Amino acid sequence: MIFTGDLLLYAMTGLVHWWWAANLSIFGVAPNIAFMAALTAAILARPAKAMSYGFFFGVYLDLLGSNIFGAYALTYTLMAYGVYILKRHFDLIGGFSQIIAALMLSMLTMLFYQGLSLVFAKINPLELKAFLVEPFLNAALAPFVFYLFARLKKRFGIL
Amino acid sequence: MNREKDLANYAFVFFVFLSVLLLLFPSTRIAQTARILASYSLYPSLHYGAKYDHYIRNVPENFLNILKTDQENRDLKNKIKELEISVKAAQAAEAENQRLTGELGLSRNLGLKGVWARVINRNPLDWHGAFFIDKGVKAGITPNATVMGFENARLGLAGRVLEVYPDFSKVLLITNGVSSVICSAPGARFEGLAEGKGTWLLKVNYIPEGSEIAEGMELMTSPGGLLFPQGLPVGRVARVHPKESFMNFITADVAPAVSINSLKEVYVIKRELPADLYGLSEGVKK
């Protein structure tokens, strides 16, 4: 049952990410819902599950993108592990700390993904406007996504 | 706690290993085709103009042809949209060309020398009062010069030049509340004073009672007026008001010969006016 809930959450998040990017992007920039879901899962779920969420959200983004396959999966897996280490030392339950974490991790993951793309495929996928705007959009929406996922966890035991 | 830590470390190593495998080993033909199908279906715009040689490796040629055809189809649709816009622009240019050709022919038949000017500005607060044209002193425009308008192969009096600047002029329209034109009907034995009312209609006053004025009658500028050359169409009588008569005169509403609000070009007649009418000291601005 819980596994089905996880699958549903994964599918719904993927659907929302796709719909938002396809219909609500402004000048080609939209918040990265999959990233926020991976981050929230990393904060809320147990580490092994958090990393599997990170990996599969990354695979989803790899599937959608036109760049190297596996780069997002690696990036978000590393991010989930990073958050697992981080939350031992910092309180990531508060809204402000989530905003800061989303902002910093957005930038770090974008730079890391850029590095992977350059190393493995010599493709430069990162646009300056995305780098300058997307982390702030992610940070602004992070507490809301966290609240939603926390409610789901409390009510249905997902995550 | 330690068990969870171990589990976390195992999961980390496992997923990193899996990711690196995905990164290092090229995808199989089927996986790559499935991936391109999924991403192309969800985000076709991603592929426009992108250098996706790396991306389309291992993808069967016939499948690529479908993608290329789809992209070509989208490009052609965009081109059709652009061409539709071009066709609209060409139609507008053709209509303008026809209008200008007609106006040019009319001005030649007019027999009065002048210059063409475009209407460049209207004041919404003074819509029936005045507008600006793009010719001024440099084009030989003088104050009080007669301004003609053209509409659908018809010409008509539009107003007179009120102020002249080096590169543009202000035209006082006949519909302005302070404008007046002495006019008469061809073959009739009366003269009246067509005055602007600040609306699209003119009002003709001082027509002697018993004059043969009737609705539909065309009024022209009269030889009695010094400002305007005689014989220029002023307008057509829309309504006669005998009950509004005062003293022994009657009045009538007159629709201007041309729709003054929709004029795009005007013809400014150059002619010698009596020196007193030039009003150079007042009309010319620097």
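Begin at the largest cavity, which has a volume of about 30 Å³. The structure is a predicted model, and it holds one cavity of 30 Å³ or more.

**Stop 1: the cavity in chain B**

Colouring the lining of the largest cavity by class gives four nonpolar residues, three polar and one charged.

**Stop 2: the second largest pocket**

Turn next to chain A and select L9(A), M12(A), L148(A), F149(A) and L152(A); of the 20 residues that line the second largest pocket, these are the closest to its centre. The volume of the second largest pocket is about 410 Å³. Which elements of chain A give two or more residues to its lining? They are α1 (2-23), α2 (33-44) and α6 (128-156). Helix α1(A) supplies the largest share of the lining, nine residues.

**Stop 3: two helices within chain A**

Select helix α4 (residues 71-89) and helix α5 (residues 95-121), both of chain A. Their axes come within 10 Å and cross at roughly 145°, and the crossing of α4(A) and α5(A) is right-handed. To see the contact, show the side of α4(A) formed by A71(A), Y72(A), L74(A), T75(A), Y76(A), L78(A), M79(A) and V83(A). Facing them from α5(A), the contact is made by L105(A), T109(A), F112(A), Y113(A) and L116(A). By class, the contact of α4(A) with α5(A) has 11 nonpolar and two polar residues, and no charged ones.

**Stop 4: a helix pair across the two chains**

Finally, select helix α3 (residues 47-64) of chain A together with helix α1 (residues 2-24) of chain B. The axes of these helices come within 8 Å and cross at roughly 15°. Angles under 35 degrees count as roughly parallel, and α3(A) and α1(B) are therefore roughly parallel to each other. The crossing in which α3(A) passes α1(B) is right-handed. On α3(A), display P47(A), A48(A), M51(A), S52(A), F55(A) and F56(A). On α1(B), the residues making the contact are E4(B), L7(B), A8(B), A11(B), F12(B), F15(B), L18(B), S19(B) and L22(B). The contact of α3(A) with α1(B) comprises 12 nonpolar, two polar and one charged residues.

Key: Residues are numbered from 1 along each chain as its sequence is written. Chains are lettered from A and ligands numbered from 1 in the order in which they are written. This is a predicted model: local features need pLDDT of at least 70, side-chain atom pairs count only at pLDDT 80 or more; totals for chains, interfaces and linings use all residues. Side-chain values use heavy atoms; hydrogens and water are left out. Axes are lines fitted to C-alpha atoms, for helices over the stretch in contact, and angles run from 0 to 180 degrees between N-to-C directions. Helices (H or I, at least four residues) and strands (E, at least two) are DSSP runs, numbered from the N terminus. Angles under 35 degrees count as roughly parallel, over 145 as roughly antiparallel, 65 to 115 as roughly perpendicular and the rest as oblique. A crossing is left-handed if the near helix is turned anticlockwise from the far one by less than a right angle, and right-handed if clockwise. Contact means heavy atoms within 4.5 Å. Ala, Val, Leu, Ile, Met, Phe, Trp, Tyr, Cys and Pro count as nonpolar, Asp, Glu, Lys and Arg as charged, and the others, Gly among them, as polar. On a 1 Å grid over the protein atoms alone, a cavity is a set of points where a 1.4 Å probe fits but cannot get out, and a pocket is an open set with protein on both sides within 12 Å along at least five of seven lines; lining residues have an atom within 4 Å of a point. Grid points are joined across faces, edges and corners, and a volume is the space filled by probe spheres set on the points.
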